[in-house]
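Me: Hi! I would like to learn how to read the features of a protein model, one at a time. Could you take me through this one?

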Amino acid sequence: MDVALEQGKVRLSPLTKVGAIPVSLVALLPFVGYWLGGGAWHWLTVVLIFVVGPVLDRLLGEDNLNVPPQLERQYEQSLYYRLTLWLYLPVQIALVLFSYHLIIETDMALHAQIGLALSMAVGVGFGATLAHELCHHPSRLDRFIGVQVLCLCGMANFLVYHNYGHHNVVATPEDPGSARYGESFWQFTVRNISRKFVMSWQIEAQRLRRLGSGWLSPRNLMIWLTLNELAWVVGLTWYFGPLALALFALQYAAPRFLLSVGDYLEHYGLSRRKLPNGEYEPPRAIHSWDDSYMLSNFLFTAVDRHADHHENSGRPFQILRVRPEAPRLPYGYLTMIFAAFVPPVWRRLVHPVLEAFYDKGEVVPHALPGALPERFVAGAHIH
């Protein structure tokens with residue numbers, strides 16, 4: 001350990017101190033609601049995350065502390081952070097089995113069933129950003145655990161789309177995960193969810209063609225990922241009965257919806273410049289929205305430090321940096337999620353920040369036809 005750090009002379013981000021444990025704590029909240037007596041307490045997760053959360057996020061404020069460069073290697077190699085990521089999978093499985101059992105096999109009031117079902121969906125949904133981190137790791141064990149988390153989220157295709165699609169075409173018109181200026185979240189999310197699923201299969205089909213094989217091949221990763229996901233659906237339905245399908249549908253919808261709004265926040269209106277050779281410039285910090293409110297940073301496994309993630313996709317979450325050159329969201333993710341749901345509020349909060357960023361001339365505007373102020377139209381990517 002660095003001597004200066006031992007003497008308390010180096011301040012670390014709270015996330016660097018605790019790792020990914022807060023995501024597992026979110027998944028444990030439905031158990032707390034049950035131990036407190038059930039009933040209305042089954043709504044505890046929903047209330048804490050989406051009512052108390054945005055207020056607390058604002059009160060705690062921003063966490064702009066980066067790990068000092070001389071300590072990055074030490075924290076990058078620490079096994080502790082991987083352990084905090086691995087911890088989530090058994091908690092997630094326990095949450096699903098516990099919730100299905102109570103909802104299907106016990107006599108609960110309807111309001112309690114709904115509260116527990118939504119709380120379970122939230123606990124499972126937050127695991128998607130943690131799985132995102134694992135799926136970027138070079139370790140096959142980490143990626144396997146990440147895939148299992150995603151399979152219970154109903155998002156087995158995420159590994160293929162995100163790693164081999166999104167990171168290659170991010171902040172371009174070709175990316176279904178990059179929203180356009182003037183595009184409401186509700187317009188975006190339909191395109192986002194459907195095209196990401198299609199792109200996942202296309203990526204694998206293209207890879208197999210290069211290997212001289214058709215898409216219907218045992219080497220098609222999407223087939224194995226889909227079968228893995230279906231194994232959970234079949235197993236849960238066999239054990240708990242047909243009502244398990246409805247609960248899994250909720251598990252399926254919540255993380256996809258959460259990831260879709262995350263995509264909307266992360267690249268709205270930003271595009272990379274096309275070079276003379278027809279290729280796009282490499283992703284830089286200016287091509288992603290940044291944010292680092294403390295509670296949001298905890299719950300989303302630092303994915304809100306998104307600018308550094310896209311410029312350095314191999315950098316693990318515990319050493320991701322806040323990048324001052326990136327555009328900054330005015331509030332944390334826990335607040336901006338709700339802003340995205342209301343287009344006039346979103347435009348009021350985000351468009352002045354984005355247009356001031358456009359004025360610097362470093363990033364290409366990415367917009368719907370007719371949405372941009374006239375001064376930004378020349379050179380913009382409009383489609």
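Reply: Happy to! A disulfide is a covalent bond between the sulfur atoms of two cysteines. To count as one here, the two sulfur atoms must lie within 2.5 Å. Keep in mind that this is a predicted model.

Me: How many disulfides does the structure hold?

Reply: The count is 0. Take Cys135: the closest cysteine sulfur, in Cys151, is 9.4 Å away, so the two are too far apart for a bond. For Cys151, the closest cysteine sulfur belongs to Cys153, at 9.0 Å, again too far for a bond.

Me: Thanks! What should I know about nonpolar side chains?

Reply: The general idea is that in soluble globular proteins, nonpolar side chains tend to be buried together. In this model, the largest nonpolar core has 99 residues. Its residues with the most contacts inside the core are Tyr100, Tyr268, Phe300 and Trp346. Helix H7 (residues 88–105) gives the largest share of this core, with 9 residues.

Me: Which residues does Trp346 touch?

Reply: Leaving out residues up to four places away in sequence, Trp346 touches Tyr264, Leu265, Tyr268, Leu329, Met336, Ala339, Ala340 and His351.

Me: Now for charges. How do I read a salt bridge?

Reply: Look for a side-chain nitrogen of Lys or Arg within 4 Å of a carboxyl oxygen of Asp or Glu. By this rule, the model has 15 salt bridges. One of them joins Glu62 and Arg328, whose closest N and O atoms are 2.6 Å apart. This pair links distant parts of the chain, 266 residues apart: Glu62 is in the loop between H4 and helix H5 (69–76), and Arg328 is in the loop between helix H16 (306–311) and helix H17 (333–341). Glu62 is partly exposed at 38% relative accessibility, and Arg328 is partly exposed at 22%.

Me: How far apart are the closest N and O atoms of Arg305 and Asp63?

Reply: They are 3.5 Å apart, and the two residues form a salt bridge. Arg305 lies in the loop between helix H15 (294–299) and H16, while Asp63 lies in the loop between H4 and H5, 242 residues apart. Arg305 is buried, with a relative accessible area of 3%, and Asp63 counts as buried at 2%.

Me: What about Arg315 and Glu72?

Reply: They form a salt bridge as well, with the closest N and O atoms 3.0 Å apart. Arg315 is in the loop between H16 and H17 and Glu72 is in helix H5, so the pair ties together parts that are 243 residues apart in sequence. Arg315 is buried at 15% relative accessible area, and Glu72 is buried at 15%.

Me: Which residues are linked with them in a network of salt bridges?

Reply: Besides Glu72 and Arg315, the network includes Asp308, Glu311, Arg321, Arg323 and Glu325.

Key
Residues numbered from 1 in each chain as written. Predicted model: local features only at pLDDT ≥ 70, side-chain atom pairs only at ≥ 80, totals over all residues. Heavy atoms only, no water. Core = buried A, V, L, I, M, F, W, Y, C linked by side-chain atoms within 4.5 Å. Buried < 20%, exposed > 50% of the residue type's maximum accessible area, 1.4 Å probe, protein only. Helix = DSSP H or I, 4+ residues; strand = E, 2+ residues; numbered from the N terminus. Contact = heavy atoms within 4.5 Å.
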